Amino acid sequence: MVAFIVRRLFGAVGLLLIISAVTFAIFFLVPRAAGVTTDDIAGRFAGKQPDAATLAAIKDRFGLDDPVPVQYGKFIKAIVVGDTYDTGTEKIDCPAPCLGYSFRTNQSVTDQLVDRAPVTFMITAGAAVLWLVAGVSIGILSALRRGTIFDRAAMGVALAGVSLPIFFTGLLSLAFIVHRWEILPAVNYSGPSDNPFNLLLPWICLAFLYAAMYARLTRAGMLETMNEDFIRTARAKGLPEKTVVLKHGLRASLTPIMTVFGLDVGLVLGGAIITEKTFSIPGLGQLALDGVNQSDLPVVLGATMTAALFIVLANLVVDILYGVIDPRVRHN
Amino acid sequence: MARKRQAELVNDTGETAAGRGAPTAFLEVRDLKIHFPTDDGLVKSVDGLSFKLERGSTLGIVGESGSGKSVTSLGILGLHNRGNANVSGEIWLDGTELVGASQNEVRRLRGRKMSMIFQDPLSSMHPFYTVGKQIIEAYRVHNDVSKQVARKHAIDMLGRVGIPKPDQRVDDYPHQFSGGMRQRAMIAMALSCDPELLIADEPTTALDVTVQAQILDLIRDLQQEFNSAIIMITHDLGVVAELSDDILVMYAGRCAEYASVEDAFHRPLHPYTWGLLGSMPRLDRERSERLMPIKGTPPSLINVPEGCAFNPRCAYCDLTGGKSTTERPELLEVEPGHKAACHLSLEKRREIWDSEIRPKL
Amino acid sequence: MSTEKTAADTPVETAEQGPGAASGTAPSLAKEARPARDGEPLLEVDNLGKHFPVTAGLLRRQVAAVKAVDGVSFSVRKGETLGLVGESGCGKSTTGRMIMRLLDPSFGKITFEGEDITKMSQGRLRPLRRDLQMIFQDPYSSLNPRKTVGAIVGAPFRLQNIEAKQGVKKAVQEILELVGLNPEHYNRYPHEFSGGQRQRIGIARTLALKPKLIVADEPVSALDVSVQAQVVNLLEDLQDELDLTYVVIAHDLSVVRHISDRVAVMYLGKIVELADRADLYERPMHPYTNALLSAVPIPDPSERGDRQRIRLQGDVPSPLDPPPACRFHTRCWKAQDICKQVEPPLVELSPGHQAACHFPENTTVSATDEVARAAVAPAAGAAPAEESAPEA
């Protein structure tokens with residue numbers, strides 16, 4: 001088991017390296033292929049009408065004229081050991097993990113990410129609990145009542161949930177629930193100091209999208225599991241149906257649900273872009289979106305790396321949980 | 001070894017069909033029908049089955065796939081989903097009628113009064129729980145005892161079915177057991193509440209032959225010890241011959257022949273039983289040049305042939321003057337304790353068996 | 001590398017002398033015992049083995065090997081049926097797959113019609129595939145559900161680019177008729193057939209190109225008893241009609257006895273006994289064979305209790321870590337110290353009857369005696385072929 005985890009950790013680091021290289025290549029090579037010069041990039045950082053000396057200084061500071069592999073090497077080195085930028089007038093210390101400075105705001109990307117992460121984390125946590133509980137319970141009930149009106153209605157709603165985008169459900173619920181009927185307060189959340197229940201509406205909207213998928217997934221898994229021989233054995237022992245379903249059936253159908261859950265949580269943690277945009281919540285998704293809009297490469301790169309890190313971590317956790325849930329994985 | 005013959009036949013078929021009157025045996029199944037409505041039509045998996053079984057004796061139910069033998073056993077335990085199976089008839093277990101009983105009532109009997117061993121012990125045990133936990137669960141659902149007491153009982157049961165170091169193996173998972181040990185654990189679980197009726201559905205089919213021998217010995221010994229009634233469901237005539245007192249041969253959801261084990265093997269009176277015996281290569285006989293298979297394949301349970309269900313495959317169907325294609329043969333008691341459902345006259349059948357079948361076996 | 005060395009160290013080396021001695025000393029006896037099927041060997045397997053590596057730890061280093069097959073030698077004569085019998089995990093299916101070259105052997109040699117096919121590339125094997133065919137156990141999963149019977153049975157013609165004289169369709173229909181299916185089934189799909197009929201389709205497919213050798217892996221074990229007999233009879237009829245040679249792999253001793261001319265009993269990757277059918281079933285020499293036979297339930301209630309029963313304790317040990325020396329010693333009631341120290345070689349103890357046991361039954365000679373004799377004879381300078389066996 002320990003060897004398994006260590007091997008997985010190495011794999012995760014390798015995966016992150018590959019992702020960073022690819023992202024780096026995309027963000028630094030593609031603009032160049034499209035004709036953007038390093039002067040343009042430096043110009044964005046410098047603001048209006050920079051003179052040649054300023055541009056040169058900026059290019060030198062960020063190493064923009066270095067070969068791409070060298071730049072990538074510096075980028076990785078900064079993440080691992082930190083970096084110190086010499087602007088000529090002052091030395092800026094950027095401790096590890098250093099993701100560089102925003103071209104636009106001149107803020108440390110790491111600081112920005114750390115600033116935004118709790119917001120996205122809150123959105124994710126609340127929504128994930130909601131969608132897991134709702135999705136799995138509806139899925140179980142649907143499977144047990146297969147073919148009934150409940151099943152068909154639930155699966156119909158689930159289909160709607162999967163197909164309706166969040167900017168639709170989000171805007172609709174904002175318009176009616178918040179503004180017309182005033183059932184819930186306006187969504188106003190910008191950090192851990194705010195009341196987390198201000199996020200109720202985004203939670204529900206995000207959970208609606210995912211719960212639908214989980215309901216379908218759980219239903220399919222339960223239908224398959226409830227036909228297994230060991231379920232027949234559990235019944236033959238005279239166990240009450242509730243025990244048969246929850247203790248024997250659900251436990252065995254958990255694996256695929258957990259896999260998808262890990263991926264989804266990782267994905268949303270990396271930035272629920274549409275949700276954040278719809279409800280104007282300043283999370284990681286907003287940060288990334290702004291970065292893209294303003295061609296702020298360090299920010300985009302940082303956000304991408306963070307998202308990748310979350311997904312890789314979530315997968316690692318899922319892999320370890322496999323061993324906890326399924327002893328056959330543990331013993332092999 | 002003198003063997004008790006306690007499994008008795010239902011004396012009067014008329015009475016059975018009517019299904020009235022108090023049961024006289026420990027287990028009495030009367031005119032059991034289990035039908036499954038499907039999009040393709042009504043699947044008559046079991047279509048009018050009656051038999052009796054006493055404590056301490058063993059009934060072997062033999063048949064090919066789709067004959068209804070497993071469906072019958074699940075029916076007795078009440079394991080069919082009432083939503084998609086139509087069960088009718090009567091099942092009397094020690095004075096309690098099960099078909100009409102509430103689901104909860106039947107559930108309380110399952111695992112305590114009657115329990116079951118399945119074919120594949122690997123897929124029949126939950127892969128995520130230890131063997132001990134699964135036995136403890138089976139014991140505690142019917143007995144109000146602490147976990148510690150139940151655990152001691154589980155270890156005790158594992159020891160009794162011949163698992164070495166039961167106090168250590170109790171914490172192992174099913175996949176850590178070998179096939180034979182797993183089936184022993186399954187038996188320990190089935191016997192944990194000291195059931196009076198044990199149904200074994202192909203208990204050794206998935207096992208190697210040397211392990212099969214061990215398990216059959218174990219079942220035999222445990223029966224002596226617990227004096228339970230056993231229903232042994234199998235396609236293997238060898239297994240039945242070793243273990244059963246009586247044999248019920250099923251074909252297309254009905255009983256083709258019911259006899260004591262001696263009669264069934266030495267004086268069978270149904271062409272299907274002859275066919276089964278002729279199909280088997282046997283180690284205890286001179287090697288025959290050719291096997292004598294039954295032609296064709298088992299029928300679909302949606303379209304069971306008119307008349308005698310076996311008639312399209314029967315080599316002697318023509319001798320009944322067309323009766324077997326139009327009229328369903330009654331299950332008649334032709335000798336004391338020996339029933340068969342065949343239109344051929346008893347004399348004719350005896351003659352065919354003696355002159356044509358037996359010499360070739 | 002190291003695996004080959006161990007294999008060479010093990011007594012397979014000596015076992016090789018078994019068949020050699022057989023042809024040298026007692027060909028006439030063997031002929032008497034067997035019907036006409038006594039052609040030249042079609043298939044020869046020499047010290048064949050398959051080890052599957054087991055990896056563990058951080059770097060997935062190989063820490064052990066599952067010795068699925070660990071040096072088996074036998075030959076199959078033209079027109080005969082060799083039965084390979086044993087319990088699960090004994091390596092019988094792995095052996096079959098290696099013969100078919102569906103698995104690459106770890107060591108050893110397979111000779112088919114005098115040609116070494118052990119290391120032959122798949123490309124060069126292709127023409128040979130016509131002669132070597134396999135029947136699988138599961139008639140449900142081994143047929144492509146989306147193809148018609150005609151396409152399935154006709155596929156070999158297309159794959160091998162063979163022009164049937166009267167056209168592929170006609171040829172396929174003839175084969176269907178041969179295996180007892182209706183030629184009109186040509187355009188039907190596998191799901192429309194019962195298990196027995198599907199197995200017939202599977203057999204028809206192997207027959208399309210008139211193979212010389214068919215390896216049948218548990219050909220009837222998934223079938224109902226009555227249907228099983230039909231397929232067994234069919235296999236026998238086809239053998240007579242088409243002059244086929246079979247290697248039948250099965251766990252059912254009764255089926256193997258019915259269908260085979262010679263039978264090899266395997267235990268934990270080794271052949272423990274190899275003999276003519278009648279010899280093996282009537283005078284089994286290896287205790288394991290004895291135990292296997294005694295474990296088969298007999299469909300005759302009057303023999304209940306009368307039979308002498310040998311009950312093996314426990315289960316087959318793991319092929320990952322098989323017992324040293326004689327692999328059966330952990331479960332053998334005759335085992336003594338020598339069985340734990342010296343591996344008994346597979347040698348011919350009576351004409352055509354090989355067994356690997358220090359204390360064989362139904363014979364006066366033991367494997368150890370035989371080895372001692374073989375070792376003494378060349379040392380004494382006697383001609384190896386015509387040694388006059390010093391009867392003990």
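**Note on a predicted model with chains A, B and C**

1. In chain C, four strands make up an open sheet whose order is E2-E1-E4-E5, and their pairing is antiparallel. The edges of this sheet are strand E2 (61–77) and strand E5 (115–116) of chain C, each of which pairs on one side only. As with everything below, this should be read with the caution that the model is predicted.

2. Within that sheet, strand E4 (residues 107–112) of chain C is joined to E5(C) by two bridges, and the two strands run antiparallel. Thr111(C) is the residue that stands opposite Asp116(C), which belongs to E5(C). For background, the strands of a sheet pair through backbone hydrogen bonds, in either a parallel or an antiparallel manner.

3. A helix also accompanies the strands of chain C: helix H5 (residues 92–99) lies across strand E1 (41–56), E2 and E4 of that chain, and runs at about 115 degrees to E1(C).

4. Turning to chain A, the domain assignment gives domain 1 (2–109) and domain 2 (112–310). The centres of domain 1 and domain 2 of chain A, taken over C-alpha atoms, are separated by 34 Å, and 16 residues of domain 1 are in contact with 15 residues of domain 2. On the side of domain 1 of chain A that touches domain 2, helix H1 (residues 2–33) gives the most, with six residues. That side of domain 1 has, by class, eight nonpolar, six polar and two charged residues.

5. Between chains, 24 residues of chain B are in contact with 19 residues of chain A. On the chain B side, the elements giving two or more residues are helix H3 (103–109), strand E6 (114–117) and helix H4 (131–140). The residues on this side of chain B divide into 10 nonpolar, eight polar and six charged.

6. For chain B, an unreviewed UniProt entry carries the annotation "domain: ABC transporter", covering residues 29–277. In the model, the end C-alpha atoms of residues 29–277 of chain B lie 27 Å apart, and the span is 37% helix and 27% strand.

7. Asp94(B), although not a glycine, has a positive phi of about 50 degrees, and its place is in the loop between strand E4 (86–93) and strand E5 (96–97) of chain B. Asp94(B) counts as partly exposed because it has 16 C-beta neighbours inside 10 Å.

8. Ala325(C), also not a glycine, has a positive phi of about 55 degrees, and is found in the loop between helix H13 (287–295) and helix H14 (337–341) of chain C. With 18 other C-beta atoms within 10 Å, Ala325(C) is partly exposed.

Technical notes:
Residues are numbered from 1 along each chain as its sequence is written. Chains are lettered from A and ligands numbered from 1 in the order in which they are written. This is a predicted model: local features need pLDDT of at least 70, side-chain atom pairs count only at pLDDT 80 or more; totals for chains, interfaces and linings use all residues. UniProt positions are given in the numbering used here, feature names are shortened, and annotations may be inferred rather than shown by experiment. Two strands pair if DSSP finds at least two bridges between them. Two residues are in contact if their C-beta atoms, placed from the backbone, lie within 7 Å. Axes are lines fitted to C-alpha atoms, for helices over the stretch in contact, and angles run from 0 to 180 degrees between N-to-C directions. Ala, Val, Leu, Ile, Met, Phe, Trp, Tyr, Cys and Pro count as nonpolar, Asp, Glu, Lys and Arg as charged, and the others, Gly among them, as polar. Domain bounds come from an automatic or database domain assignment. A residue is buried if 20 or more other C-beta atoms lie within 10 Å of its own, exposed if 12 or fewer, and partly exposed in between; C-beta atoms are placed from the backbone.
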